[in-house]
Each structure stands twice: as structure tokens, then as C-alpha cells.
Amino acid sequence: MKLIITRHGETEENKAGIIQGHLPGHLSATGIKQAEKVALRLKDEKIDFIYSSDLARASDTAKKMNLKSMRFFGFDAFKGLPEGTDKEHDVLQKGFYACSFEKMKECLKRRNINPNDITWINGWYDETLNNKTIEKHNIKKIGIVFVDCDTYSSSKAVLDFLTPLITEPVIFCFDDWKLYNMDVKGTGEYRSFNEFLEKNIHLEVKEIKSYNRKSKSFLIKLKK
Ligand SMILES: C[S@@+](CC[C@H](N)C(=O)[O-])C[C@H]1O[C@@H](n2cnc3c(N)ncnc32)[C@H](O)[C@@H]1O
């Protein structure tokens, strides 16, 4: 596997000496030219996937480099945690984190993400994570997966659904690995991921840098 890493182009905020942190940042005229130069430099490379942060400065740079080859899917019931969550966890309860589809779209727009760039699969996982969805959207492989559904059963449903689609290296990010010490207690995403690895001995896993203190990220690929 060949990995190409590029920086985002210069932003207006860079020019003004503003530390951007998680602010989106907007490409300056120079930044746009820089992104176009990278695109030109890479034009003969066969690039399967482009992964980019969702911050505007990074995603705008990536768009100049043909982000069209990558599709984004969002799976959620938009009704909070499902029935049965209370049996699984003493703090997490049915309905926790409920946020309507409309409200979520507003949140994305405030972060300069166009919700129409994402294919939304709206519904409970036991109704949506199936072959019908794979066929309908012609999903052949996956590149990066962000798991943020908190519980053992929901993250297990995600992993079972995605297993056949792991044909090339995939990054899995688990947002709630350490939430309420679920890793220490042996439940939640920790449990579903460990069971997934036990079942899928054809896969090899390497932990990679996490993006915050309660998450864990892994690179998974087929064993040679
Ligand atoms: C902690 S929230 C995270 C939402 C979003 N990723 C964010 O950062 O704002 C967990 C989400 O997972 C969804 N969820 C959990 N289990 C689910 C299931 N079995 N089917 C569908 N959605 C589920 C809930 O509806 C909720 O919106």
C-alpha cells in the first residue's frame, strides 16, 4: 500500500496568524493554488481513496484533489440509543443522545459540512445494516469507519455488517471505547471489537493514534 500525505493549503487564518485549532479555516488564494498544484503533481497516481479531516481547510484541499472518488454514509436512527440499552448499561439508557435529523443537519452546516454530500441511512441498525442497503448503494469496499453508537450491541451490529466489506486496509475509529470505563469493564465497543477480532482470524489489526482520550483507532487489513 502506498500512502500519500499532504498538508492543507494556506488559509486566510494562517495569513492573519490565527491559531485555528478546530475552527474550519478557509483557503486563501495562495492556498487554492497550492491545492491545485498538489492535484497536478498527483494527476498520474492511481488514488483509491482520499481521507481528509472534515474541517473546511482540509476538505476543500481534498476536493481539489478529486474527492469524488470517496462517498460518505451516515447510519443513525436519530432517536437516541435503542430499546434494550438500559439492560446493557447502568448509565446509558434508551433515548440518550436523541437528536433529530433536521437538528443534526443544522449542526453540520454550522461546521461548513454540506449534509447533501452524505448519503443518510436513517433507521435502527437491525433494519438498515443488511445486504439490501449494500446492494441499493452498490457499496463495494470501505476505507474509514467512525463508530459512535456507544453500546456493545449497536457496535457489534456495525462490525458484523461491515466485515465482508473489509477487502483493503480500513481505519476504524471507536469514539466511546473508554466511555464509563467500558474498556475496563469489558463491555461496549471494547467487547464487540475483541469478539470481532476473535471471529475474524483472517484480519490483522494495528492500533494507531487516537484522536482523543476516550477513543481508540485501529488499522485493519487482510492477513497476507
Ligand atoms: C452518542 S450519539 C452520536 C451521534 C453523532 N455521531 C454525534 O457525534 O453527534 C449516538 C448515536 O447513535 C445512534 N444509535 C445508537 N445505536 C443505534 C442503533 N442500534 N440503530 C440506529 N442508531 C443508533 C443514536 O441514535 C445516536 O444518534
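**Ligand shell, domains and sheet of a predicted model**

By class, the shell around the ligand is made up of 9 nonpolar, 2 polar and 4 charged residues; here Ala, Val, Leu, Ile, Met, Phe, Trp, Tyr, Cys and Pro count as nonpolar, Asp, Glu, Lys and Arg as charged, and the others, Gly among them, as polar. The model is a predicted one, in which local features need pLDDT of at least 70 and side-chain atom pairs count only at pLDDT 80 or more, whereas totals for chains, interfaces and linings use all residues. Residue numbers start from 1 along each chain as its sequence is written. Around the ligand there are 15 residues, of which Ala77, Tyr97, Tyr125, Cys149 and Ser154 come nearest; a residue is near a molecule if its C-beta atom, placed from the backbone, lies within 6 Å of it.

Turning to the chain as a whole, the protein contains 10 helices and 6 strands, taken as DSSP runs (H or I, at least four residues, for helices; E, at least two, for strands) and numbered from the N terminus. The protein chain is as compact as a globular protein of its length, because its radius of gyration of 19 Å is close to the 17 Å that the globule rule gives for 224 residues. That radius is taken over C-alpha atoms, and the rule is 2.2 Å times the number of residues to the power 0.38. Along its principal axes, the C-alpha trace spans about 55 × 40 × 35 Å.

The chain divides into domain 1 (1-64) and domain 2 (71-222), with bounds from an automatic or database domain assignment. Their centres, taken over C-alpha atoms, are separated by 27 Å. Across the boundary, 6 residues of domain 1 are in contact with 6 residues of domain 2 (C-beta atoms, placed from the backbone, within 7 Å). On the domain 1 side, the touching residues comprise 5 nonpolar, no polar and 1 charged.

Strand E6 (residues 216-222) pairs in the antiparallel sense with E4 (residues 170-174) over 5 bridges, and Phe174 has Lys216 of E6 as its bridge partner. Ile171 stands opposite Leu219 in E6. Strand E5 (residues 203-208) also pairs with E6 in the antiparallel sense, over 6 bridges, and there Lys206 has Leu219 as its bridge partner.

Notes
Two residues are in contact if their C-beta atoms, placed from the backbone, lie within 7 Å. Two strands pair if DSSP finds at least two bridges between them.
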